[in-house]
Amino acid sequence: MLIDRNIEFFKILTKNSFDIISVVAADGALLFESDAVERVLGYKSGKRANEIIFDFVHPEDLLYVKENFLELLHDSEGSRNVEFRYKHADGHWVWLEANGQNFLNHPNVNGILINSREITHIKERENQLRESEKKFRLLAEHSNALISEVDSAGKFLYVNAKHKEVLGYEVEELIGKHARDFLEPAQQIYADNRLKKSVKDTSDQSNEWLFKHKNGSNIWISSYSNVYENSNGDKIVSVFSFDISDRVKVEQALKESEERFRLAFNTSPDGITITKAENSQFIAFNEGASAMLGIDKSEAIGHTALDLNIWRYPD
């Protein structure tokens, strides 16, 4: 056990310590604790002498703490780091992070030296993050959007189940793979450049991509992405995407239809014109109409048939 002069020496050393410094006997009896114990746990320093520290540990953490303590007793040069809940003087539980070192054979200590600090706020934040993550995953897994996260190198960190429905790949086939590798080759370099710009500027991006389905077909994807930093300072790109293949097909069909009409309109030997319904002004005038009426297209556009005196009424 600690002799009085050693206790006084410890008090001097630990008087201004922000953390709790404790010395515990091999049986778990408290031999010394610094003044910080009152600020952190509400106990007066010295009032709990020879009480067993395990009596203050949360029941759910007790086995874990005891196992580490016993291991430390048999490791004369070792140390252990543990996180556990400890009872405050007013009865509520406080999270502590403790580092224990074996000084049982040191003549001036004769015990386990423990340095403890409160981490309740950290644990509460971790719980909040876990709850937030659960909510995000729940929403993501039931979303009609393809939701993914990629790192700054473009590797998938997370993809929701919608990816299998739209692209045919199992989640495990995508995680850790480069997103660019699932794009058509013509878009891969462009995708690399967009990713670099997005990560560098932490700017939002909106793009349309041609992905390769697992069966070999092409799928058009419209994506919106934004960048955030995680707790480690790593930049993560969150991506929300939708399958727009049907829309692209309709747009392509419309474009082809318009091209066919334009070709037929311009090459027809018949005179074809298009006018506005509200004022009868010409907005299109093909070569056939020019030849038939002897009026150049540039003269006709923006004018009416009456302006151009095309229609003549009999006297």
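This is a predicted model: local features need pLDDT of at least 70, side-chain atom pairs count only at pLDDT 80 or more; totals for chains, interfaces and linings use all residues.

Guide: Helix α3 runs over residues 59-73, and at 1.5 Å a residue its 15 residues should span 21 Å; the end C-alpha atoms are 21 Å apart, so the two agree. Its buried residues are Asp61, Val65, Asn68, Phe69 and Leu72. These cover an arc of only 100° around the axis, which puts them on the same side of α3. What do the buried residues of α3 pack against? That would be strands β1 (20-24), β3 (79-87), β4 (93-103) and β5 (111-118).

Now for the rings: the structure holds nine aromatic pairs. One of them is Tyr43 with Phe56, edge-to-face at 5.6 Å centre to centre, with 75° between the planes. Both sit in the loop between α2 (36-41) and α3, 13 residues apart, and both are buried. Phe56 also pairs with Tyr86, this time stacked, with 5.7 Å between centres and 15° between planes. Since Phe56 lies in the loop between α2 and α3 and Tyr86 in strand β3, the pair ties together parts 30 residues apart in sequence. Phe56 has a relative accessible area of 12%, and Tyr86 counts as buried at 6%.

The charged end of Arg48 sits over the Tyr43 ring, 4.1 Å from its centre, while Lys66 lies over the face of Phe54, at 5.7 Å from the ring centre.

Conventions. Residues are numbered from 1 along each chain as its sequence is written. Side-chain values use heavy atoms; hydrogens and water are left out. Helices (H or I, at least four residues) and strands (E, at least two) are DSSP runs, numbered from the N terminus. The expected span of a helix is 1.5 Å times one less than its number of residues. Buried means under 20% relative accessible area, exposed over 50%, partly exposed in between (1.4 Å probe, protein chains only). The arc is that of the directions from the helix axis to the C-beta atoms. Contact means heavy atoms within 4.5 Å. Rings of Phe, Tyr and Trp (its six-membered ring) pair if their centres lie within 6.5 Å; planes under 30 degrees apart count as stacked, over 60 as edge-to-face and the rest as tilted. A charge sits over a ring if NZ of Lys or CZ of Arg is within 6 Å of the ring centre and within 35 degrees of the ring normal.
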